[in-house]
Amino acid sequence: MMNPLNRISEAELAVMKILWNADGPVATGTIHKDLSEQLSWDRSTVRTLLKRLVEKGAVEEKKLDVLCYLPAVSEKDYRDLQTKSFLERLYGGSAKKLVASLVQSDKLTAEDIRELREFLNKGGGRHE
C-alpha cells in the first residue's frame, strides 16, 4: 500500500512548511495569513488543505482557544521518504546513479564535489 505522505501535493507542502517552521501548534488564522501573503489563498482553500493533511495523517488538530494544527510527521522523515521514493522511481534505488547523473549534467560545482568528497570521507553521517 502506498504511504499517504507520498501523495502530499505542492499546495499541501506549503502548509507543512509553515507547521515545520513553527515552535508549536499553529492557528488556522496564522496559517491563512502566511499563505495569503505568499500565495493569495483564501481561508476556505487553507481549511481544505488542512482537512486533507489531517485525513492523510500528516497533521494533527489540537483545540486550544482556537483550532490549531501541528505536524504529525517531521520534515526530516518526510524528506527522507520523498528522497527514497524519488531514487526508486528514477534511479532504481541507486544513489550512485543519481550522483553520476548530477556530475554528468554539470549540476554540481567543483565546490559541491569537494564538499561531497569531504562528507563521504567522514563516513557520510552514518553512525556505526
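Analyst: Start with Thr28. Leaving aside neighbours within four places in sequence, Thr28 is in contact with Arg43, Arg47, Leu50, Leu67 and Tyr69. Keep in mind that this is a predicted model. Thr28 belongs to helix 2. Is Thr28 buried or exposed? Its relative accessible area is 13%. Buried means under 20%, so Thr28 counts as buried.

Now step from Thr28 to the pair of helices around it. Helix 2 and helix 3 pack at an angle of about 115°, and their axes are 9 Å apart. The crossing of helix 2 with helix 3 is right-handed. Which residues meet there? From helix 2 come Thr28, Gly29, Ile31, His32 and Leu35. From helix 3 come Arg43, Val46, Arg47 and Leu50. By class, this contact of helix 2 with helix 3 holds four nonpolar, three polar and two charged residues.

Next, bring in helix 1. Helix 1 and helix 2 pack at about 125°, with 11 Å between their axes. Helix 1 and helix 2 are therefore oblique to each other. Their crossing is right-handed. On the helix 1 side, the meeting residues are Ala14, Val15, Ile18 and Leu19. On the helix 2 side, they are Ile31, Asp34, Leu35, Gln38 and Leu39. The contact of helix 1 with helix 2 has seven nonpolar residues, one polar and one charged.

Helix 1 also meets helix 3. Their axes come within 10 Å and cross at roughly 85°. That makes helix 1 roughly perpendicular to helix 3. Here Ala11, Glu12, Val15 and Met16 in helix 1 meet Leu49, Leu50, Arg52, Leu53 and Lys56 in helix 3. This contact of helix 1 with helix 3 has six nonpolar residues, no polar ones and three charged ones.

Now look at the nonpolar core. In soluble globular proteins, nonpolar side chains tend to be buried together. In this model, the largest nonpolar core has 22 residues. Which of them touch the most other members? They are Val15, Met16, Ile31, Leu35 and Ala58. Helix 1 (10–21), helix 2 (28–39) and helix 3 (43–56) are the elements that give two or more residues to this core. The largest share, seven residues, comes from helix 1. Take Val15 as an example. Not counting residues up to four places away in sequence, Val15 touches Ile31, Leu35, Leu49, Leu50 and Leu53.

Two loops complete the tour. Ser40 sits in the loop between helix 2 and helix 3. Most residues other than glycine have a negative phi. Ser40 is not a glycine, yet it has a positive phi of about 60°. Ser40 is exposed, with a relative accessible area of 65%.

The other loop lies between strand 2 (59–63) and strand 3 (67–71), and it contains Leu64. Leu64 is partly exposed, at 44% relative accessible area. How far apart are the C-alpha atoms of Leu64 and Asp42? They are separated by 23 Å, and the two residues are 22 residues apart along the chain.

Notes
Residues numbered from 1 in each chain as written. Predicted model: local features only at pLDDT ≥ 70, side-chain atom pairs only at ≥ 80, totals over all residues. Heavy atoms only, no water. Core = buried A, V, L, I, M, F, W, Y, C linked by side-chain atoms within 4.5 Å. Buried < 20%, exposed > 50% of the residue type's maximum accessible area, 1.4 Å probe, protein only. Helix = DSSP H or I, 4+ residues; strand = E, 2+ residues; numbered from the N terminus. Contact = heavy atoms within 4.5 Å. Axes fitted to C-alpha atoms, helices over the stretch in contact; angles between N-to-C directions. Parallel < 35°, antiparallel > 145°, perpendicular 65-115°, else oblique. Left-handed = near helix turned anticlockwise from the far one by under 90°. Nonpolar A, V, L, I, M, F, W, Y, C, P; charged D, E, K, R; others polar.
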